[in-house]
Amino acid sequence: MPHNFLVVWLVQLLSVGVLGGGIYIFYEWYERELVGTSYLVAGLVMVLWTFGGRFISLPLLRRPGAEEPNFMRGKTVQRLLRPDGSVLQVEFFGPEDGQPIIFSHGWGPNSTIWYYAKRQLSDRFRIIVWDLPGLGKSAKPKNNDHSIEKYARDLEAVIAIAGDKPVILLGHSMGGMINLTFCRLFPEQLGSRVAGLILVDTTYTNPVKTCIFSNLVRKLQKPLLEPVLYLTIVLWPIFWLMTWLSYFNGSLYITVELSGFTGTETRGQLNFAAFLSALGSPGVLARGTLGMLKFDETDTLASINVPVLVMCGASDIATKPVASDRMKAELPYSERVTLKPGGHMALMEQNQQFAEAVSTFCAGCS
């Protein structure tokens, strides 16, 4: 979500500062400008922490779980070439005659974020996942169009290869925003090709309006957030290096923990989410984030004439539950499920609750 860019940016600067400070102290000790073994130790600790702090911080933060997520990819794959030059990676799991559910992930990770859903739902549903353009195994558009409207049109292309049965569209975070935009652009498909929607930890408007400290973030959008995003597009290799430094020193775990989880996640879930967030190109992420700042589908809600499940983590700060309350109130045929305890990544942290809610809703739609 957009506000995360500012927090991650500050953490990245801290990571560079620690590395630079460690090198400086070590050099000054070598040149005998700083005298004493304590300076040598301090410089070495700062440098070593930069490249290996994660091996200390991760075990301290969380304990290992019984089933940790991994990069589970599908054996049945289709590659969709789009008019703008992007290529979509679409993967299929489960029985071909099962109720199809198309999963659209949020902005930052890729479709491997659906590890638990694939494991827990593919025995009875046809699970279809895709990487958003520029993330995972999907190639970015040549015209650098990362608008939500572009992604909604890409989603329409994924629906076209989903089979004959009406699909259920499930979107997390930005994926839910894509689903709402799809409903505006392709209203004729609701009730015919689309049987229902599942909106998970998402919003109906510019996400800076529904995140924690929204009043402050809205004031910072023009003077600070947007300039940082444009700077990231220009200097993306440097920002990517800074991101990986924050991953290796363990500070990225803290930002991912605070923005996505509530403390009941496992060590593997935290590491997996942090690693996925480090994989995405900062330039691509910045362009998509700028696209989110123009998002507003408030007027679309009342026109959605298919069943909708609105789901969110009870303690989500990236998209506060009040956004789900608003959508539930304005969608004509909707129900609400709250995952407890859970934050923005409750789909991982409370994966059993998530799978049960999805299964129950989809069974009702079919």
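Leu197 stands opposite Val308 of β7, in a pairing where four bridges join β6 to β7 and the two strands run parallel. Two strands are taken to pair if DSSP finds at least two bridges between them; helices (H or I, at least four residues) and strands (E, at least two) are DSSP runs numbered from the N terminus. The model is a predicted one, in which local features need pLDDT of at least 70 and side-chain atom pairs count only at pLDDT 80 or more, while totals for chains, interfaces and linings use all residues. Residues are numbered from 1 along each chain as its sequence is written, and side-chain values use heavy atoms, with hydrogens and water left out.

Val308 also has a bridge partner in β8, namely Ser334. There, β7 and β8 pair in the parallel sense over six bridges. Six of the six residues of β7 are buried (under 20% relative accessible area, with exposed meaning over 50% and partly exposed in between, for a 1.4 Å probe and protein chains only). Strand β7 is therefore largely enclosed by the rest of the structure. On one side of β7 lie Val308, Val310 and Cys312, on the other Leu309, Met311 and Gly313, and both faces are covered. In a regular strand the side chains alternate between the two faces of the sheet.

These strands belong to an open sheet of eight, ordered β1-β2-β4-β3-β5-β6-β7-β8, with mixed pairing. Because β1 (76-81) and β8 (334-339) stand at the edges with a single partner strand each, one side of each is left without a neighbour in the sheet. From one strand to the next the twist averages 20°, where angles run from 0 to 180 degrees between N-to-C directions and axes are lines fitted to C-alpha atoms, for helices over the stretch in contact.

Elsewhere in the sheet, β3 (residues 99-104) and β4 (residues 125-130) pair in the parallel sense over six bridges. Ile101 stands opposite Ile127 in β4, and Ile102 stands opposite Ile128. Strand β3 is mostly covered, six of its six residues being buried.

Helix α5 (residues 148-160) lies across β1, β2 (87-93), β3, β4, β5 (167-172) and β6 (194-200), and runs at about 145° to β4. Helix α14 (residues 351-365) packs on the sheet as well, touching β3, β4, β5, β6, β7 (308-313) and β8, and its direction makes about 160° with that of β6.

The packing can also be followed through the nonpolar cores, each a set of buried Ala, Val, Leu, Ile, Met, Phe, Trp, Tyr and Cys residues joined through side-chain atoms within 4.5 Å. The largest has 44 residues, and those with the most contacts inside it are Ile102, Trp107, Leu169 and Ile304. Helix α5 gives the most to this core, with seven residues. Leaving aside neighbours within four places in sequence, Ile102 is in contact (heavy atoms within 4.5 Å) with residues including Ile128, Trp130, Leu155, Val158, Ile159 and Leu169. A second, separate core of 42 residues includes Tyr116, Phe125, Leu309 and Ala346.

The contact is made by Thr243, Ser246, Tyr247 and Asn249 of α8 with Ser251, Leu252 and Tyr253 of α9.

The axes of α9 and α10 (residues 267-279) come within 9 Å and cross at roughly 105°, and α9 and α10 are therefore roughly perpendicular to each other. Here Leu252, Tyr253, Val256 and Glu257 of α9 meet Leu270, Asn271, Ala273, Ala274, Ser277 and Ala278 of α10. Eight of the 10 residues of α9 are buried, so α9 is largely enclosed by the rest of the structure. Helix α11 (residues 282-292) is likewise mostly covered, with 10 of its 11 residues buried.

Terms used. Parallel < 35°, antiparallel > 145°, perpendicular 65-115°, else oblique.
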